[in-house]
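Colleague: I would like to go through this structure with you and ask, for each label, what stands behind it. Could we begin once we both have it in view?

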Amino acid sequence: MASLEQYLALLVNFAVLATVARLLTPGEIGEAVTGLAIAVVAFSTREFVTAEFLIQRHAIDREAVGTSLTLQVLCSATVALGLGLASGLVAGFYGTPDLSFFLLLAAVAGFAEAVAQPVIAILRRNMSFGALAVIRTAVSLVNGLTTILLAALGFGAISFAWGLLAGAMMLAGLSVALSPVPARTFLRPGLSRWREVLIFGSFKGAALVVERIQETVPQLILGRLTSMTAVALYNRSNALCGVPDRIIMSAFYSMAFPALANSIREGYDIEKTYLRVLAYLSVLYWPAAIMVCLLAPQIVRIVLGHQWEDAIPVVRLLGLSAVFWAPAIVTGPLLLALGQNRDAFLASLISRVFAASVLCAASLHGVIAMALSQFIALPVQTAVGFFFVHRHVRFSLRALVATFVPSAIVTAFALAGPLTLLVLNEQPRSDLLSFATAAVLAAIGWLAGLHLAHHPFLTEIQIATRLGRSRIERLRRLLAAGA
């Protein structure tokens with residue numbers, strides 16, 4: 001269900017990405033990206049009072065839920081007020097008057113989301129990914145449709161802000177409607193558990209703020225020193241390279257913290273669990289990331305259109321560098337599940353500060369330099385993650401290498417077909433046909449590689465195949481009985 005939610009959100013966001021790229025200019029998209037980045041950094045500070053402390057508790061009660069909601073509302077209101085007051089100064093700094101109203105709408109949207117945070121945390125604690133899928137898919141649809149409609153009507157960059165506000169209102173309404181606890185329980189204000197919230201959120205909040213700064217500040221510098229068009233090129237390239245991340249990593253991240261926390265409570269062998277997660281993520285993510293690099297021209301022209309061809313080299317570099325990202329995503333959820341909030345914060349702080357420094361320095365030299373800098377930033381982030389995890393999960397270097405070797409073999413088999421196709425057909429007549437053919441060849445090679453390398457993920461495919469056969473057989477019997 002967590003994967004289904006991510007796939008539906010990906011489809012909606014993909015449609016918005018492709019449609020808006022043809023309705024707005026790169027400059028307008030760059031302005032929207034800048035406004036959204038500022039709002040994201042501002043509202044990331046409410047993670048200091050994150051509702052996720054409810055996930056780690058052995059039991060939740062009315063006081064804990066009420067405290068979480070109260071602190072979320074107070075913090076969101078403070079951030080929204082500050083963002084609104086600073087909106088004029090920010091617009092003047094970038095020389096874009098429309099950015100002021102954009103930030104005002106983003107501030108209202110961020111405040112509206114506050115009521116949903118405790119409910120989302122409780123649903124994640126209960127692993128109710130079906131309800132989460134309904135909520136987030138509806139939010140994505142409302143956000144995306146509003147943005148596309150207003151962009152088609154000529155609203156420009158502000159379309160994104162109105163879409164953000166519409167999605168936030170939908171999130172608040174559905175969270176109250178689908179809450180697993182009565183509304184009178186979590187809508188009752190209180191501060192009795194504020195110390196517990198701050199102890200849990202202090203490290204997580206600081207880590208998230210650093211993460212958001214690392215993701216957004218280089219783009220903000222790029223927009224100030226070069227142009228909004230450069231921001232749009234880098235951001236849209238990142239979005240295209242983020243498709244494998246959205247398909248594979250985001251689904252994992254949605255369930256990683258509660259699932260790992262549950263595994264630890266149940267007494268499972270955490271070392272085996274950690275290494276198996278790395279094996280699964282790498283065998284899925286590595287082929288997909290390198291495929292984005294290989295098929296960058298086709299992907300850019302299909303999704304964004306021919307007017308965005310300047311993004312092709314950026315997509316190639318970002319796609320290839322992304323292979324270093326797979327192990328790093330496990331670090332945070334695992335350390336939080338182990339109760340090592342301080343180490344999770346330190347791992348994020350060290351890696352993110354280093355990455356932000358590299359990206360900010362590279363942003364002074366343009367978009368290509370920023371893409372190249374990822375070949376420095378991402379390996380360091382992965383190495384830092386391994387170091388902190390090893391302090392609590394005593395895996396050996398040999399075991400780590402043995403985990404990744406089968407995934408590397410599978411990746412080589414998956415890429416063999418697409419590489420041959422590109423060599424034999426340097427100038428394809430149809431981008432869509434070329435992409436589809438390469439994807440089919442990659443899937444065939446990937447499955448062959450799983451069998452030849454005896455990869456542990458093959459077990460999951462066999463389980464899914466048996467489950468599918470049993471469901472088909474059950475459906476056949478039902479249809480026969482009905483006939």
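Colleague: Why is Arg-46 called buried?

Modeller: Arg-46 has a relative accessible area of 6%, and buried means under 20%, with exposed over 50% and partly exposed in between, using a 1.4 Å probe and protein chains only, so the value of 6% places Arg-46 among the buried residues. Please keep in mind that this is a predicted model, in which local features need pLDDT of at least 70 and side-chain atom pairs count only at pLDDT 80 or more, while totals for chains, interfaces and linings use all residues. Residues are numbered from 1 along each chain as its sequence is written, and side-chain values use heavy atoms, with hydrogens and water left out.

Colleague: What makes the contact of Glu-113 with Arg-46 a salt bridge?

Modeller: The closest N and O atoms of Glu-113 and Arg-46 are 2.7 Å apart, and a salt bridge requires a side-chain nitrogen of Lys or Arg within 4 Å of a carboxyl oxygen of Asp or Glu, so the pair meets the rule.

Colleague: How many salt bridges does the rule give?

Modeller: The count comes to six salt bridges. Another of them joins Asp-431 and Arg-301, whose closest N and O atoms are 2.8 Å apart; Asp-431 lies in helix H20 (residues 431-453) and Arg-301 in helix H14 (residues 296-303), so this pair ties together parts that are 130 residues apart in sequence. Asp-431 has a relative accessible area of 17% and is therefore buried, and, leaving out residues up to four places away in sequence, it touches Gln-298, Arg-301 and Ile-302, where contact means heavy atoms within 4.5 Å.

Colleague: Why is the pair of Phe-387 and Phe-388 called edge-to-face?

Modeller: The structure holds eight aromatic pairs. In the pair of Phe-387 and Phe-388 the ring centres are 5.3 Å apart and the planes stand at 90°, so the pair is edge-to-face: rings of Phe, Tyr and Trp (its six-membered ring) pair if their centres lie within 6.5 Å, and planes under 30 degrees apart count as stacked, over 60 as edge-to-face and the rest as tilted. Phe-387 counts as exposed at 53% relative accessibility, while Phe-388 is buried at 4%. Elsewhere, Tyr-274, Phe-386 and Phe-395 form one aromatic cluster.

Colleague: What makes a set of residues a nonpolar core?

Modeller: A nonpolar core is a set of buried Ala, Val, Leu, Ile, Met, Phe, Trp, Tyr and Cys residues joined through side-chain atoms within 4.5 Å. The largest one has 101 residues, and those with the most contacts inside it include Tyr-274, Trp-308 and Phe-395. Helix H13 (residues 270-294) gives the most to this core, with 13 residues. Trp-308 touches, among others beyond four places in sequence, Pro-26, Ile-29 and Arg-236.

Colleague: How do you know that the span of helix H8 agrees with its number of residues?

Modeller: The expected span is 1.5 Å times one less than the number of residues, so the 20 residues of helix H8 (residues 158-177) should span 28 Å, and the end C-alpha atoms are 29 Å apart, which agrees. Among the buried residues of H8 are Ile-158, Phe-160, Leu-165 and Leu-171.

Colleague: Why does His-454 count as exposed?

Modeller: His-454 has 67% relative accessibility, so it counts as exposed. His-454 lies in the loop between H20 and H21, and has a positive phi of about 55° although it is not a glycine.

Technical notes. Helices (H or I, at least four residues) and strands (E, at least two) are DSSP runs, numbered from the N terminus.
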